[in-house]
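Have a look at the structure first.

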Amino acid sequence: MNLRFALLLSASLSPAFVFAQTAPTSAPTPDPAIKQMVEAVSAKNLEEDIRKMVSFGTRHTLSDTKSKKRGIGAARNWVESEFRKYSKASGGRLKVEQDTFLVKPDGRRIDKPVIMANVMATLPGTDPADTRVFIVSGHLDSRVTDVMNATADAPGANDDASGVALVMEMARIMSQKQYPCTLIFVAVQGEEQGLYGSTHLAKRAKKEGWNLVGMLNNDIVGNSKGYDPELSDNKHIRIFSEGVPATETADEAKLRRTLSSENDSPSRQLARYSKTACEQYVSDFGVLLEYRPDRFLRGGDHTPFNQQGFTAVRYTEVNENFNHQHQDLRTENGIQYGDLPEFVDYAYLRKNTGVNLATMASLALAPGAPENLGVLTANLTNRTQLKWDAPKVGEKPAGYVVLMRETSSPVWQQRFPVTTTTADLPHSKDNYIFGVASVDAEGHESLPVIPKPVR
C-alpha cells in the first residue's frame with residue numbers, strides 16, 4: 001500500500017462499525033504528479049492563445065464562418081487545430097471534433113438559421129469499467145454593446161478567450177497523462193446569444209446517458225482589477241454553485257427539508273472540493289465559495305448542465321470590470337472601453353488554470369463516490385453510525401474518509417479515515433453534517449456524498 005494512504009488509514013480500526021478513536025487527520029498529502037502538472041501551466045501560452053483569438057476580429061456567433069482569418073468559423077478551426085497538436089503529442093489519444101448543430105431563429109438573439117459548433121477534445125479513460133466523465137469549458141464567442149452586432153471588432157479577451165485559453169492549456173498538459181475515466185475539454189459557442197452551445201452539450205450528455213460526474217465552467221477568469229484599485233484581487237477566484245438542484249423531485253425536496261441540506265447539493269460539494277484542491281496545489285491563492293447559482297442579471301454555461309440534473313459550477317474572477325465587458329471599442333472621458341488583451345492579468349489567469357487542473361485531475365484519478373450512504377436513526381443516541389456501499393464503477397477504493405462539519409460551517413472541518421464501509425463516530429448526528437468520500441491507494445478522493453436517514 002502507498003505510504004501516504006497507509007498513514008491516512010492509521011487512525012482506523014475494523015470492528016463491525018469502525019470507531020475512529022484518535023484525532024481526525026489533516027487534508028490529504030498533495031500528489032507530486034498533479035503538482036507537476038499545475039506548475040507546468042504557462043502564462044506565456046495563455047497570453048499567446050488569447051491574443052490569437054483576439055486576432056480573428058470578432059468571434060460573434062452570427063459572424064463569418066467562411067473566412068480563414070476573421071469570424072467565429074476561423075476561431076473554431078484554429079482551436080481545433082491546436083487541440084489536434086495536443087492530440088499528436090499524446091500519441092493520438094486525445095480525440096478532437098467540432099460538434100455541429102443547427103439553431104433556428106428564436107425571436108431574441110438569433111435572427112437567422114445558424115450552424116454552431118462546440119470544439120471538443122476528449123481524452124478517453126483507460127479503464128473500460130470506469131464510465132465517469134468530467135468536463136471543463138469556456139465559451140469561444142464574443143460580443144460588443146449591441147448583442148446582435150456581428151461585424152464590429154469584438155476582441156473578447158477576458159470574456160471569454162480567458163476561459164478558452166484555460167481549457168486549451170489544461171488539454172495540452174493533461175493529455176500527456178492517463179486517467180481511468182474520460183475527460184472532455186470544450187470551447188462552446190453561442191453563450192452570449194443564449195447558452196446555445198452548452199445547452200446542446202448538456203442535452204446530448206443527458207440523451208446519450210453520460211455518467212457526467214462534474215462540469216467546470218470558466219467564464220471571465222483573467223482580470224484581477226475592478227473599477228476601483230481598492231477592489232483589485234489577484235489572490236482569489238469565485239466559484240458559484242446551485243443549492244437546491246434544478247431537477248429536485250418532490251421526495252428529494254421533502255428529504256432536503258428534513259435534513260436542511262440545501263447547502264449540500266452535489267454542485268456545492270464540487271465547489272468545496274475545488275477549494276480544497278486549490279489549497280493543496282496552488283500557492284498564495286484561494287477560492288471564494290459563492291453559494292448562489294450565478295451573479296445577478298447574468299448567466300453561464302454551467303446552468304444548462306444543472307438544468308439537466310448534472311453537477312456543475314462556475315469559476316469567475318472576484319471583481320469584474322464592466323468597462324471591459326460587452327463594450328464597443330472606444331475611449332470616452334479618458335476611459336478606454338473594450339475587452340482587450342492588455343486588460344488581462346496572465347499571472348492571475350495562470351493560477352485560475354491551476355485550480356481547475358488540480359480539481360479535474362484529483363477527481364479523475366480518484367475512485368467513484370460511495371453509494372447508498374445512510375445514517376442510522378433507529379435508536380436515540382449521541383453517536384453517529386454510517387454505512388454505505390462501494391462504488392460500482394471503476395477500481396475498488398483502498399478506503400474511505402468520513403468528513404464532518406458543524407451545521408453552520410460552510411466547509412468540512414474534520415476527517416476520519418476508515419477501511420470498511422461502516423463507521424461509528426463519537427459525535428452526535430444531530431449536531432454535525434457528515435459526508436463520505438472514496439479514497440485510492442495514492443490518496444486521491446472522490447466527491448463526498450451526504451447520508452440519508454435509514455433504520
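From which domains does the lining of the second largest pocket draw at least three residues each? Domain 1 (32-365) and domain 2 (371-453) are the two, with bounds that come from an automatic or database domain assignment. Bear in mind that this is a predicted model, where local features need pLDDT of at least 70, side-chain atom pairs count only at pLDDT 80 or more, and totals for chains, interfaces and linings use all residues. Residues are numbered from 1 along each chain as its sequence is written, and side-chain values use heavy atoms, with hydrogens and water left out.

**Largest pocket**

- A pocket here is an open set of points on a 1 Å grid over the protein atoms alone, with protein on both sides within 12 Å along at least five of seven lines; a cavity is a set where a 1.4 Å probe fits but cannot get out, and lining residues have an atom within 4 Å of a point.
- The largest pocket holds about 1300 Å³ of space, a volume being the space filled by probe spheres set on points joined across faces, edges and corners.
- Its lining takes in 43 residues, with Asp264, Ser265, Pro266, Thr311 and Val449 nearest the centre.
- Domain 1 and domain 2 both give residues to this lining, so the largest pocket lies between them.
- Helix α8 (250-259) is among the elements that supply at least two lining residues, and α8 gives the most, with five; helices (H or I, at least four residues) and strands (E, at least two) are DSSP runs, numbered from the N terminus.
- By class, the lining of the largest pocket splits into 21 nonpolar, twelve polar and ten charged residues. Ala, Val, Leu, Ile, Met, Phe, Trp, Tyr, Cys and Pro count as nonpolar, Asp, Glu, Lys and Arg as charged, and the others, Gly among them, as polar.

**Second largest pocket**

- This one has a volume of about 480 Å³, and of its 30 lining residues, Ala27, Pro28, Thr276, Arg415 and Glu445 are closest to the centre.
- Helix α9 provides the largest share of the lining, nine residues.
- The lining has eleven nonpolar, eleven polar and eight charged residues.

**α9 against α11**

- The axes of α9 and α11 (residues 346-365) come within 8 Å and cross at roughly 110°; axes are lines fitted to C-alpha atoms, for helices over the stretch in contact, and angles run from 0 to 180 degrees between N-to-C directions.
- That makes α9 and α11 roughly perpendicular, the label for 65 to 115 degrees.
- The contact of α9 with α11 involves eight nonpolar, three polar and no charged residues.

**Cavities**

- There are two cavities of 30 Å³ or more.
- The largest cavity, about 40 Å³, has Asn158, Asn223 and Glu317 among its lining residues.
- The second largest cavity, about 30 Å³, is lined by Arg143, Gly156, Asp159, Glu192, Gln325, His326 and Asp339, and none of these are nonpolar.

- Most residues other than glycine have a negative phi, and most peptide bonds are trans.
- The Asp159 to Asp160 peptide bond is cis, with omega near 5°, and Asp160 sits in helix α5 (residues 157-174).
- His326 has a positive phi, near 55°, and is found in the loop between β8 (312-316) and β9 (330-332).

How values were computed: Angles under 35 degrees count as roughly parallel, over 145 as roughly antiparallel, 65 to 115 as roughly perpendicular and the rest as oblique.
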